[in-house]
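Q: I'd like to learn how to read a model like this one, feature by feature. Where do we start?

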Amino acid sequence: MTTRLTGGRVFDPANGIKGEIRDIYVSDGRIVQAPSEGRADTTYDLGGHVVMGGGIDLHSHLSGGKVNLARLLMAEDHCDHVHHRHEHLRSGSGHCTPSIFTTGYAYAEMGYTAAFEPAMVPGNARTNHLEMADLPVIDKGAYLMLGNDEYLLQALARGEEQERINDYIAWIMQATLALGIKTVNPGGISAFKFNTRHLGIDEPGPYHGVTPRRVIYALARAVYELGVPHPLHTHCNNLGVPGNIETTIKTIEAAEGYPIHLTHAQFHSYGTEGKRHFSSAAAQLADVVNKTPNVTIDVGQVMFGRTVTASGDTMAQYRNHGFASPDKWMLFDIECDGGCGLVPFHYKEKAFVNALQWAIGLELFLLVEDPWRVFLTTDHPNGAPFGTYPTLIRLLMDRDFRNECLQGLHPAARKATILGQLTREYTLEEIAIMTRAAPAKILGLADRGQLGIGAAADITVYKEHGDRQQMFAKPAYVFKDGTEVARNGTLHASPKSTTHIVRPAYDAAIEKRVKTFFDDHLTIGFNHFPLSQGELADAGVLVHAHDCRPRRRT
Amino acid sequence: MPAVTCPFCGIFCGDLAFENGRVDTSSCAKAETGFARPVTVTEHSVGGRKVPLAEAVDAAAAILRAARQPLFTGLGTDLLGLQALLGLADSTGGVLDRWQSSPQLANLGVQQRVGCWIGTFAEVSNRADQILIVGRDPAPFFPRLFERLVHNPTPLYRKNAPQVTYLGPSELRPADRAHGGTDLAADITVPANQLYEALLVLAAEAEGRKLPESVGTSLPLAQLMGLAQRFKDGAYGSIIWDVGAFPPVQAELMVETILRIVRGINLTTRCSSLPLGATDNAMGVMQAALWQAGWPMRIGFGEGFPRHDAYLYNAERMLSGGDADALVWVAALSAAPPPATSVPTIAVVAPDTILATPAAVEFRVGIPGVDHAGTVVRADGVIAVPLGKTRDSGLPSTATIVNLINERLGGEP
């Protein structure tokens with residue numbers, strides 16, 4: 001069965017297609033060459049439509065223990081937002097922290113066909129994968145949170161060779177079916193358990209004496225050398241602290257030229273200027289990013305309204321618990337590996353700090369020149385729920401709209417931002433890069449985020465509309481692996497989807513060392529820690545393992 | 001040597017050697033009894049008459065099709081079974097709650113309203129230098145708790161054995177005094193009906209507030225203040241409780257007060273807490289229900305979407321109040337029979353469960369961790385562990401049965 005999409009304006013940046021009117025043919029879930037005489041079983045006439053690959057969100061807290069706790073905490077959200085069961089679609093609840101079926105449906109209805117959970121703590125990998133097995137329609141995967149795990153900190157403290165560090169990381173990635181490595185407040189979550197309330201990037205941690213800089217370097221290098229496609233996904237130290245720009249720039253330096261991805265960079269781009277000692281340092285970070293080709297960022301845009309912050313960064317979450325709105329919050333210390341903190345937030349445009357956070361995020365988007373190196377995220381749900389993406393896209397593409405919104409801000413915040421002077425408007429091509437081609441490239445998803453021959457037929461079709469928010473909110477058609485799953489923003493099919501992982505190679509000798517560590521200290525057995533193929537098969541998990549090609553810097 | 005995980009309490013010890021078909025139960029009475037449970041009945045039945053599986057599935061589907069508000073309860077099974085049950089409850093517009101979940105709801109209610117601060121097992125066993133156990137001796141319910149969480153011979157961080165304090169009624173007789181290597185502080189004996197007040201004293205001390213003058217002339221104030229001071233002086237404290245020990249009307253207040261103590265201690269040093277929750281994979285119910293429906297339990301799907309109501313959807317009240325017209329009773333981990341009721345009952349039960357009267361439909365399923373592999377969530381709520389299979393009974397899993405019923409009703413598995 002062959003499907004033809006004809007007459008649409010195609011944006012496929014990975015293949016150099018910039019809004020040309022072209023036909024796309026789909027067969028057996030893949031994009032194929034035009035059959036002889038262009039014959040197709042089904043034809044979609046897409047005159048007046050824009051065609052892109054399916055959207056890919058590379059940073060969205062969509063599953064796992066931390067998100068489940070946020071759901072528990074956000075009872076009000078789950079009363080206010082209910083989702084009816086509909087034929088074969090499951091019911092659900094929640095907007096900020098939607099239940100898992102709703103998450104998959106809502107992403108797909110918005111034209112996204114993949115999203116990645118960025119903070120899987122090792123001990124929670126098993127439930128996270130069982131939960132992701134229930135996530136329908138969209139592809140998924142998870143980054144494993146390391147950098148506060150006892151084994152690694154000990155190894156660094158005793159000065160173990162990089163090779164052995166690499167072995168451990170490869171082993172634990174395989175054991176937990178990870179797609180990438182994330183570090184969250186490297187060293188800081190561990191330090192917080194020893195009652196250290198602040199850890200600078202060059203400060204030795206209280207117990208191991210290892211600096212965050214050392215952790216960042218070891219992890220960035222390991223990820224590179226193991227050939228894991230996605231660079232170290234980094235949540236810097238000092239999240240949310242005025243003046244943290246210094247830490248953020250030092251974090252880039254700490255990678256010593258190895259590829260590094262800074263996540264929710266907005267929360268890490270703060271200066272201390274002005275009488276409130278809180279200012280935008282977006283220009284400073286953008287300048288460094290523009291000059292440093294090994295760096296990518298996602299923004300973590302703040303959008304006004306209620307949400308919940310769900311983070312592995314217990315040190316930061318404890319620091320911010322006084323801002324909880326409503327006033328309730330949770331913290332977890334987890335298995336000598338990590339932690340999590342949940343703090344509900346209400347971002348208000350009339351609050352100086354929140355208003356400036358909003359502006360800082362947009363400044364970053366507009367000042368980083370290369371759309372291949374800046375990604376559209378709200379750090380769902382931390383800056384805002386992912387449902388705000390269409391509005392965010394309009395803010396990037398429509399300067400008048402942006403300036404109109406700017407007028408609603410706290411007056412001091414309005415003065416403190418250069419946003420009003422920024423004339424840049426994102427083009428459709430740039431949106432296609434930052435939400436499709438670039439995330440696929442940086443995650444190593446070779447056959448996604450593009451529409452070349454042989455690619456997976458994850459395709460989104462938007463009806464052209466001057467109001468980009470409307471255009472991006474309800475795509476005319478969404479295809480997942482070649483099957484039409486949504487029309488005019490309404491889902492009508494819910495296929496099972498794939499979990500993307502990597503399986504980097506390691507020297508088996510590491511298993512013995514890790515086993516001793518597990519036997520001596522941990523409360524789950526070494527043999528029970530790794531997820532087994534049998535478990536995955538029982539849970540109906542479909543896995544796509546991507547290649548890792550070990551590499552060395554010359 | 002392969003090791004298997006014991007599914008018979010919320011600790012889910014995974015260090016039981018399994019060789020030649022025998023499980024070394026490490027002298028745990030619960031594991032001993034559990035792994036020795038017989039396979040008494042393997043046949044499914046309808047109205048007490050043994051039938052092939054397909055016929056039982058048809059009968060169950062017919063009951064659910066006729067029901068306007070089926071109640072899904074018990075819920076003692078593995079995660080895959082729970083995931084499937086949530087789907088069936090959704091598609092049939094049912095109500096889903098653990099049986100006798102009120103104590104667990106006290107913990108969850110505080111988490112929803114105020115929050116929590118929890119440290120998982122490995123944090124307690126490697127870090128805690130001060131441990132307070134509130135309410136009752138957990139040993140009869142979690143037999144190896146002390147061995148696994150307190151008596152860690154190779155802790156990562158603490159130099160000395162932790163100092164353990166019991167705060168509870170006078171009949172407290174900790175079974176683990178026999179264990180060596182623990183610095184047991186004197187018990188602080190407080191009658192059950194004054195336990196809440198004693199916690200208030202600790203909270204005031206932790207928060208650095210003055211005690212109201214009316215408080216506790218009959219309480220051992222000096223001991224309580226000494227305890228608070230030990231936590232303040234320590235590096236990392238852990239407060240452990242089994243909410244089932246708390247007087248029901250005060251349970252939420254007590255849990256909330258423990259959270260105040262923990263937050264107060266954290267003003268100057270570190271502390272976390274560990275609610276032990278219930279057995280039978282109670283935390284697995286919470287996790288799966290939260291991710292599938294957005295609520296932890298007591299969920300009604302009758303309106304076409306998940307609605308949580310801690311009073312309305314209480315399983316015991318649903319049955320006694322006549323609000324359920326079918327009962328789906330699931331108890332694969334324990335041998336608990338369904339409660340007596342006049343509504344048609346579909347029992348999904350273990351092979352050794354004895355029913356006083358035959359249920360309308362009975363499915364005999366395997367015990368997760370004995371008859372088939374599976375996954376359960378530990379009492380600390382964060383870590384899921386895999387269960388093995390220790391005998392070949394050929395019994396199906398809960399998930400298999402529930403998915404068959406769901407398919408028979410025209411739903412997707």
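A: Let's start with a rule for strands: two of them pair if DSSP finds at least two bridges between them. In general, strands of a sheet pair through backbone hydrogen bonds, either parallel or antiparallel. Keep in mind as we go that this is a predicted model.

Q: In which sense do β10(B) and strand β12 (residues 188–189) of chain B pair, and over how many bridges?

A: They run parallel, with two bridges between β10(B) and β12(B). To see one of those partners, find Leu167(B): across from it in β12(B) sits Ile188(B). β10(B) also pairs with strand β9 (residues 130–134) of chain B, again in the parallel sense, over five bridges. There, Gln130(B) has Gln163(B) in β10(B) as its bridge partner.

Q: What do β9(B), helix α6 (residues 145–150) of chain B and β10(B) make together?

A: Those three elements form a β-α-β unit, and it is right-handed.

Q: How many residues of strand β10 (residues 163–168) of chain B are buried?

A: The cut-off to remember is 20 or more other C-beta atoms within 10 Å. Five of the six residues in β10(B) are buried, so the strand is largely enclosed by the rest of the structure.

Q: How does Tyr196(B) count, with its C-beta neighbours inside 10 Å?

A: Buried starts at 20 neighbours and exposed means 12 or fewer, with partly exposed in between. Tyr196(B) has 17, so it counts as partly exposed. You'll find Tyr196(B) in helix α7 (residues 195–207) of chain B. Setting aside neighbours within four places in sequence, its contacts are Gln250(B), Leu253(B), Met254(B) and Thr257(B).

Q: How many residues does each chain bring to the contact between chain A and chain B?

A: Chain A puts in 53 residues and chain B puts in 53 residues. On the side of chain A, strand β18 (residues 329–334) gives the most, with six residues. Sorted by class, that side has 17 nonpolar, 22 polar and 14 charged residues. Strand pairing turns up here too: β18(A) and strand β8 (residues 115–119) of chain B pair in the parallel sense over five bridges. Look for Met330(A), which stands opposite Cys116(B) in β8(B).

Q: What radius of gyration does chain A have, and what would a compact globule with 554 residues have?

A: Chain A has 22 Å; a compact globule of 554 residues would be near 24 Å, so the two agree. Buried residues make up 62% of chain A, and its secondary structure comes to 19 helices and 26 strands.

Q: What are the confidence scores for the model and the mean pLDDT for chain B?

A: The model has ipTM 0.97 and pTM 0.97. In chain B the mean pLDDT is 93, and 95% of its residues reach 70 or more.

Notes. Residues numbered from 1 in each chain as written. Chains lettered and ligands numbered in written order. Predicted model: local features only at pLDDT ≥ 70, side-chain atom pairs only at ≥ 80, totals over all residues. Contact = placed C-beta atoms within 7 Å. Helix = DSSP H or I, 4+ residues; strand = E, 2+ residues; numbered from the N terminus. Nonpolar A, V, L, I, M, F, W, Y, C, P; charged D, E, K, R; others polar. Right-handed = clockwise from strand over helix to strand, strands pointing away. pLDDT = per-residue confidence, 0-100. Rg over C-alpha atoms; globule rule 2.2 N^0.38 Å.
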